Amino acid sequence: MSQPEYTTAQTNALTNHDRKPIHIPGSIQPHGILLALSTQLEIQQVSNNTQVYLCKAPEDLLGQPLSYLLEPQPVEIVKQCLVKKVGSANNFKVLINTLYGKIYFDAIAHRTEEAVILELEPTDSEFEVSFLNFHSFASEAIAKMQSTSNLGEFLHLVAEEVQKIIGFDRVMVYQFDESEAGSVVAEVKREDLSPYLGLHYPATDIPAQARELYTRCFLRFLPDLTAEPIKLIPTENPTTHQHLDLSYCLLRSFDRCCTEYHQNMGVKALLVISLIQEQKLWGLISCHHQTPKYVSYEVLKMCEFLGQIVSSELAHKISYSEWDYKVKLKSLQSEFLESISQADNFIDALIKPEIRLLDLVSASGAAVCLDNEINLVGATPNIDEVQALIEWADTQVSDNLFSTDSLPKLNSEALIFKDTASGLLLLRISKVRRYYILWFRPEVIQTVHWAGNPQESMQAQADGSYTLSPRKSFEQWQETVRLTSLPWKPCELDSAIALRNAIVGIVLSKADELAKINLELERSNQELASFAYAASHDLKEPLRGIYNFSTVLLEDYAQVLDDDGIECLQTVVSLSVRMETLINALLRLSQLGQAQLRLQATDLNELLNQVIDVFRASRQDSGLVDIRIPRPLPTVLCDRVLVNEVFSNLLGNAFKYNDKAEQWVEIGYFSQEEAGQGSRGAEEQGSISPLPLCPSAPLLLVPHTQSPIFYIRDNGIGIPHHHLETIFRLFKRLHSQEKYGGGAGAGLAIVKKIVELHNGKIWVKSTVGVGSMFYFTLE
């Protein structure tokens with residue numbers, strides 16, 4: 001049978017096996033008797049061995065009040081169970097007169113949902129074990145177990161002390177793993193027995209129902225696995241008309257599979273003590289004896305008490321063994337989060353230095369995904385594989401955290417990168433945006449030693465199905481486990497969750513801080529715009545006076561001035577004209593800062609024709625002007641007057657900064673589809689062409705927008721690369737006033753302001769000596 005076939009057959013067989021109602025076997029073990037009582041303490045069911053212990057046939061007891069059998073004091077103790085929670089037991093000694101004489105019994109009474117159950121086991125002792133005797137008996141064992149902080153030593157001491165108390169041939173401590181399989185982690189045994197220490201056992205050996213019962217009942221004692229069970233009379237409870245729930249009964253009989261399983265191991269007596277950690281079944285103290293062996297109820301209670309002490313100590317030992325590692329993770333986490341909170345660049349803070357992100361969960365590689373941007377750290381799959389992994393995880397992960405130490409078993413496509421990512425820990429930072437951190441661990445090939453071949457438990461039936469049967473052999477059997485990594489520890493998962501919570505907190509804090517800054521910036525900008533408007537407006541009056549008086553002096557008093565004086569006055573006039581140009585530009589920019597857009601559907605073809613007409617009329621050499629429009633422009637929603645100014649400025653600059661004999665300007669636009677295709681084509685080539693030659697040519701930048709991308713392209717002098725950003729600054733000129741017709745250097749700043757008022761963007765691509773291409777969008 002192949003591994004996939006075995007796994008499917010095992011799952012089906014285990015499901016059927018787990019459905020077996022082992023808590024209602026309808027029988028008990030023969031070393032005691034059982035009475036099921038109504039809430040009025042009337043005997044409704046009895047085990048079919050009362051004649052042996054009480055000299056009374058079952059028929060003589062059915063329907064009788066409990067007082068028919070017991071004295072008033074023990075009846076009152078049983079009655080107290082009616083006010084206790086289900087499963088809570090009262091333990092006491094009871095004397096019953098029989099035809100054989102007086103017999104002492106250990107009595108255990110507890111309540112179920114519908115009945116009170118009384119178990120009676122004959123005992124040689126008529127006295128309760130005192131607390132002092134019990135304490136002296138157990139205190140030495142407890143002191144030894146508390147003397148070590150090492151988990152392995154502690155579990156070995158547990159096995160030693162339990163064996164001293166009960167005298168069984170073998171005592172093992174058995175630990176469950178995440179898959180409900182388990183292994184023997186401590187063992188004390190008779191020298192001639194084969195060791196089981198270190199052997200693994202499949203989950204099928206202790207089915208889910210058995211594990212659930214071990215979680216509720218801390219003790220299970222089977223003194224003779226060869227004994228025949230004793231039936232209850234009647235089979236069904238008269239009140240519920242169902243089999244009696246014996247979940248909390250110490251005398252509950254055992255399943256046939258349990259008998260056969262342990263007999264195949266050579267075991268005739270069995271005692272199991274549950275170890276509970278954080279309300280879950282952590283493991284078992286499993287005690288085997290090669291011959292039937294009875295242990296008194298007092299010793300059993302001591303074993304149960306020790307089990308509770310061990311469970312309590314277990315938390316400390318596990319915590320102590322993991323403490324150093326947890327402290328290391330906490331220290332790394334604290335340092336990491338501090339650097340993130342203070343960083344200007346979020347990505348850099350996460351991945352530089354890269355070792356911190358990996359050490360946070362002890363991973364060998366990581367991927368940080370923020371939308372479509374993926375950054376890789378350490379040993380990882382490639383970006384395409386990580387992208388595919390995230391898309392797969394989106395369909396698999398419902399929570400913010402997902403982890404597996406066997407990714408290729410869940411996703412067959414992960415087989416190709418098993419060497420780097422057999423283990424995956426995925427952290428979703430945001431459900432709105434595609435923000436993820438993925439950590440990876442490589443494949444670790446392991447050799448697992450099983451107690452016998454687990455596949456031998458699967459028995460084929462005539463109809464082709466499989467059932468679980470006890471294995472015949474428990475000799476060591478090796479299996480090589482592949483496609484798995486080291487498992488992720490709970491403290492590592494906690495570290496990942498803490499990172500997510502901290503990142504969310506930092507982002508919210510940054511957003512709040514940014515909102516306050518933006519509010520203050522908006523207020524400051526408004527004040528600055530108001531100041532600029534007032535200042536520029538008020539400056540024009542004295543400046544006009546300077547110009548006028550300087551002109552008067554030149555016209556009326558030139559004859560009394562020498563050449564130097566006249567030159568100085570001419571300079572004053574020239575500078576006042578220049579200053580007025582600058583003030584007008586500043587005034588225009590401040591007006592734009594306070595302007596309200598008047599949006600309307602605008603046919604850009606009509607608007608552009610008006611711009612060109614005005615432009616041609618203002619130039620004497622208009623006959624040489626070559627303006628190309630490859631295709632009609634679209635109609636857009638915009639402020640008609642302001643967009644007219646954008647085209648006028650860009651068109652004027654295109655001809656102004658052109659020293660070619662044959663000058664031309666091309667005005668057009670790209671649709672988003674055309675722009676996207678051009679951009680992808682350029683990326684595939686690995687570079688961007690120096691200057692697009694047609695509307696379908698690749699763009700330098702393609703912003704995330706749905707609006708068309710307009711362009712104005714020329715064959716002018718071009719712009720040096722290091723000036724491409726600075727040209728949009730106010731009063732920024734690349735040439736002296738004497739060259740290219742002068743100017744205030746405010747035109748592009750005004751264009752940029754208008755475009756941004758439309759929630760658009762503007763940028764330029766240029767090659768010196770070839771020409772420039774300005775792009776802009778209007779949202």
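This is a short chat about a predicted model.

User: What's the mean pLDDT of the protein?
Analyst: The mean is 77. As for residues at 70 or more, 70% of them get there.

User: Where does pLDDT stay under 50?
Analyst: Residues 1-17 are one such stretch. Residues 740-744 are another.

User: How many contacts beyond four places in sequence does the model have for residues 1-17?
Analyst: It has 22 for residues 1-17. For residues 740-744 it has 19. Where pLDDT is low, the predicted coordinates should not be read in detail.

User: New topic: Leu66. Where is it?
Analyst: Leu66 sits in a loop. Helix H3 (58-61) and helix H4 (72-79) are on either side of that loop.

User: Is Leu66 buried or exposed?
Analyst: Leu66 is buried, because its relative accessibility is 1% and the cut-off for buried is under 20%.

User: Which residues is Leu66 in contact with, leaving aside neighbours within four places in sequence?
Analyst: Leu35, Leu37, Leu41, Val75, Val78 and Leu118.

User: What separates the C-alpha atoms of Leu66 and Leu35?
Analyst: They are 9.2 Å apart. Along the chain, Leu66 and Leu35 are 31 residues apart.

User: Now the surface. Which residues make the nonpolar patch of about 410 Å²?
Analyst: Val552, Leu553, Tyr557, Val560 and Leu561 make that patch.

User: Where is Leu561?
Analyst: Leu561 is in the loop between helix H15 (490-556) and helix H16 (563-594).

Definitions and conventions: Residues are numbered from 1 along each chain as its sequence is written. This is a predicted model: local features need pLDDT of at least 70, side-chain atom pairs count only at pLDDT 80 or more; totals for chains, interfaces and linings use all residues. Side-chain values use heavy atoms; hydrogens and water are left out. Helices (H or I, at least four residues) and strands (E, at least two) are DSSP runs, numbered from the N terminus. Buried means under 20% relative accessible area, exposed over 50%, partly exposed in between (1.4 Å probe, protein chains only). Contact means heavy atoms within 4.5 Å. Patches are made of residues with over 30% relative accessible area and no salt bridge: like charges are joined within 9 Å, nonpolar side chains (Val, Leu, Ile, Met, Phe, Trp, Tyr) within 5 Å. Accessible areas come from the Shrake-Rupley method with a 1.4 Å probe; for residues, only the protein chains shown count as cover. A salt bridge is a side-chain nitrogen of Lys or Arg within 4 Å of a carboxyl oxygen of Asp or Glu. pLDDT is the predictor's confidence in each residue, from 0 to 100.
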